[in-house]
Amino acid sequence: MSAQLAADVTSLAAYSTSTGEAVQFWVLGTVAVIGALCTVFMKRAVHSALCLAGTMIILAVFYLANGAYFLGIVQVVVYTGAIMMLFLFVVMLVGVTAADSLKETIKGQRWLALLCGLGFGILLCAGIGNASLTEFNGLAQANAGGNVEGLAALIFTKYVFAFEITGALLITAAVGAMVLTHRERTERARTQRELAQERVRAGKQLPPLPAPGVYARHNAVDIAGLLPDGTPSELTVIGTLRERGQIRDVSDEAIKDLKALEQRAGERLGRDDRAEEAAK
């Protein structure tokens, strides 16, 4: 009788949802849907990547809440922490303008994307319908031998074919990305000697650029270094600061400070000499 009661309680727990789980689902689910929509409709690629990273983190929370601890950790470490952050930094470094996003490199890619989205929607609806119409064992029985062991048993037995197909698709996508980004060289690569001769003919700066001015009280990136005659050298600061007008010219200040320092040093030396003569 007690065993039957325990089985009934376990079955009831598998089909019931607590108040905390419901609140967590509706709050985080709403945020995840908003993040997914922002990923699609944001104009800047960096903002889209950030929204997608937030959605992935919420999915990891859902995995952990449902007892899929291995999937939750993988979602955070691999997808959000590695792949998405790498993609985000690449977008931030390379940059994607609006003109690049409007240029179609593959004909009919919008119709293909619409077809793939429709197929994904059908699969999603089929999965939700299958989960709601059929009976399931619950988290306790699914993780009876451990979450990692149960997941491995499903991947390498029941869903091994789908797993291998997914791996093949990911490898094909990686190879395709490398092929699309590879640029064929149409001319011979110039040697170091030819590059040096070109710089000499163009009259460019041949030796290394001089270092910026060094001051102990603040950062000297925006301060031009001084030449031996006291004039600032524009080659010591980067062109971006020069275009923005953010270069601080402290040549006069440096000369005035140097003269004041020399004057104070001379006065101090004079007082020391007079003090020594008075002592003698």
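Among contacts in the chain (heavy atoms within 4.5 Å) between residues at least 6 apart in sequence, 48% join residues at least 24 apart. This is a predicted model: local features need pLDDT of at least 70, side-chain atom pairs count only at pLDDT 80 or more, and totals for chains, interfaces and linings use all residues. Residues are numbered from 1 along each chain as its sequence is written, and side-chain values use heavy atoms, with hydrogens and water left out.

The chain has 12 helices and zero strands. Both kinds of element are DSSP runs, numbered from the N terminus: helices are H or I with at least four residues, strands are E with at least two. From the N terminus, the order reads α-α-α-α-α-α-α-α-α-α-α-α.

| Property | Value |
|---|---|
| Buried share of the 280 residues | 14% |
| Accessible surface | about 22700 Å² |
| Carbon and sulfur share of that surface | 66% |

Buried means under 20% relative accessible area, exposed over 50%, and partly exposed in between (1.4 Å probe, protein chains only). Accessible areas come from the Shrake-Rupley method with a 1.4 Å probe; for residues, only the protein chains shown count as cover.

**Helices α2 and α3**

Helix α2 spans residues 19-41 and helix α3 residues 45-65. Their axes come within 8 Å and cross at roughly 155°. Axes are lines fitted to C-alpha atoms, for helices over the stretch in contact, and angles run from 0 to 180 degrees between N-to-C directions. α2 and α3 are therefore roughly antiparallel to each other (angles over 145 degrees). α2 passes α3 in a left-handed crossing, meaning that the near helix is turned anticlockwise from the far one by less than a right angle.

On the α2 side, the contact includes F25, L28 and V31. Among their partners in α3 are L52, I58 and F62. The residues of this contact divide into 12 nonpolar, six polar and no charged. Nonpolar covers Ala, Val, Leu, Ile, Met, Phe, Trp, Tyr, Cys and Pro; charged covers Asp, Glu, Lys and Arg; the others, Gly among them, are polar.

**V76**

V76 lies in helix α4, residues 69-94. At 38% relative accessibility, V76 counts as partly exposed. Not counting residues up to four places away in sequence, V76 touches A60 and G81. V76 and A60 are 16 residues apart along the chain, with their C-alpha atoms separated by 6.3 Å.

Conventions. Parallel < 35°, antiparallel > 145°, perpendicular 65-115°, else oblique.
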